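Subject: Structure handover

Hi,

Here is the structure for you to look over. My notes on what turned up follow below it.

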Amino acid sequence: MSPAPRAPRAPEPAGTEARGPAPVLPGKAVAQRPVVRPVARQEEVVGPPCPACGTPNPPGRKFCRRCATPLNPQAAAAPLPWWRTIWPFRRRVRAGSGRWVRVLVILLVVIALCVGGFLLLPAGRALFEDTRDKLGGTKPVTPTGVTASGAVPGHPASNTKDGLSNRYWGAPGPGASVTYTFGKPFRMVDVIITNGASDEPEQYATEARALEMDMEVTSSDGTVHRKSISLDDKAGHQPVQTAISDVVRVRLVLHSVTGLTAGRQVALAEVEFFQRT
């Protein structure tokens, strides 16, 4: 069977276009209602209050349940005296655990240090002065006075400090001595001795000369320093290191004379003293 014919659709008015589905706005979000939970009732706590916030705490707690402040603070230890802050005094020991032994050992150590410092002090001072001698310069010192135990006429002992090496002190023989005095104490670093009649080789051997001398140096405090000097049998300057402080007097005694024959005398041309600048 053929379908029944449909009636024709009425034409749409002019200017009207086919429309699609209209837009739809999203729904407004609704927050979920909070769940009300029952609050636990605070139990009544009976105990000592916190020293900081006053909250009572149950017995047995070490710290506050609110601010964590120590509930039973121990009393601060009294400050130690200054001598207890030095090792080994600062050690805390039990009663009777070798305390007297440690005290005795410490006392012996202190005594040993004092004795060692007393004995080593002169050596340390001498080392310090020697170092200053090596690092510093020198300058000559002229004696204010010269005396001798004896002298050959025309050759007084003052010739040994006149700065001229062709003039000498004529000593009568071995054992003769010459003494130099100074106006103020000084640090005597070196002594330069010109032995014989002159520093010229042809004139050196014309007179006798001492090859050994004893030097006695007196300091301002009365201390006497003794030194033996051995000289070479040759013309020229011969330095002698002394390194003695506060020198006020120097005495030279002649020994081991060579070349002493009839008509000759023991000659000492020059003695020069040098101090630290």
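**Overall picture**

Of the 277 residues in the protein, 26% are buried. Please keep in mind that this is a predicted model. The secondary structure comes to two helices and eight strands. Along the sequence they follow the pattern α-β-β-β-β-α-β-β-β-β.

Residues 24 or more positions apart account for 67% of them. The accessible surface comes to about 20200 Å². Carbon and sulfur atoms hold 58% of that surface.

Start with strand 4, which spans residues 177-195. Strand 4 is mostly covered, with 14 of its 19 residues buried.

Which strands does it pair with? Strand 7 (residues 237-258) is one partner, antiparallel, over 12 bridges. Here Tyr180 has Val250 of strand 7 as its bridge partner. Strand 8 (residues 266-276) is another, again in the antiparallel sense, over seven bridges. In that pairing Ile193 stands opposite Val271. Strand 2 (residues 145-148) also pairs with strand 4, antiparallel, over four bridges. There Gly145 faces Thr181 of strand 4.

One general point for reading these strands: in a regular strand the side chains alternate between the two faces of the sheet.

**Aromatic rings**

The structure holds three aromatic pairs. One of them is Tyr180 with Phe273, an edge-to-face pair at 5.1 Å centre to centre and 65 degrees between the planes. This pair links distant parts of the chain: Tyr180 sits in strand 4 and Phe273 in strand 8, 93 residues apart. Tyr180 and Phe273 are both buried.

Another pair is Phe182 with Phe186. Their ring centres are 4.8 Å apart and their planes stand at 65 degrees, so this pair is edge-to-face. Phe182 and Phe186 are buried as well.

These residues belong together. Tyr180, Phe182, Phe186 and Phe273 form one aromatic cluster.

**Cysteines**

How many disulfides does the structure hold? A disulfide is a covalent bond between the sulfur atoms of two cysteines. The cut-off applied to the sulfur atoms is 2.5 Å. For Cys53, the closest cysteine sulfur is in Cys67, at 3.6 Å, and that is too far for a bond. Cys53 is partly exposed, with a relative accessible area of 32%. Cys114 is exposed, at 52% relative accessible area.

**Salt bridges**

Side chains of opposite charge can pair when their charged atoms come close. The count here comes to four salt bridges.

Arg167 pairs with Asp162, with the closest N and O atoms 3.6 Å apart. Arg167 is partly exposed, with a relative accessible area of 40%. Asp162 is also partly exposed, at 28%.

Next is Asp233 with Arg209, where the closest N and O atoms are 3.0 Å apart. Asp233 lies in the loop between strand 6 (224-230) and strand 7, and Arg209 lies in strand 5 (residues 209-219), so the pair ties together parts that are 24 residues apart in sequence. Are the two partners buried or exposed? Asp233 is partly exposed, with a relative accessible area of 40%. Arg209 counts as buried, at 10% relative accessibility.

Then there is Arg251 with Glu216, at 3.5 Å from N to O. This pair also links distant parts of the chain, with Arg251 in strand 7 and Glu216 in strand 5, 35 residues apart. Arg251 is partly exposed, with a relative accessible area of 29%. Glu216 is partly exposed too, at 26% relative accessibility. Salt bridges with shared partners join Glu216, Arg226 and Arg251 into one network.

**Where to look**

For a quick tour, begin with strand 4 and its antiparallel pairing with strand 7. Go on to the cluster of Tyr180, Phe182, Phe186 and Phe273. Finish at the network of Glu216, Arg226 and Arg251.

Best wishes

Key: Residues are numbered from 1 along each chain as its sequence is written. This is a predicted model: local features need pLDDT of at least 70, side-chain atom pairs count only at pLDDT 80 or more; totals for chains, interfaces and linings use all residues. Side-chain values use heavy atoms; hydrogens and water are left out. Buried means under 20% relative accessible area, exposed over 50%, partly exposed in between (1.4 Å probe, protein chains only). Two strands pair if DSSP finds at least two bridges between them. Rings of Phe, Tyr and Trp (its six-membered ring) pair if their centres lie within 6.5 Å; planes under 30 degrees apart count as stacked, over 60 as edge-to-face and the rest as tilted. Contact means heavy atoms within 4.5 Å. Accessible areas come from the Shrake-Rupley method with a 1.4 Å probe; for residues, only the protein chains shown count as cover. A salt bridge is a side-chain nitrogen of Lys or Arg within 4 Å of a carboxyl oxygen of Asp or Glu.
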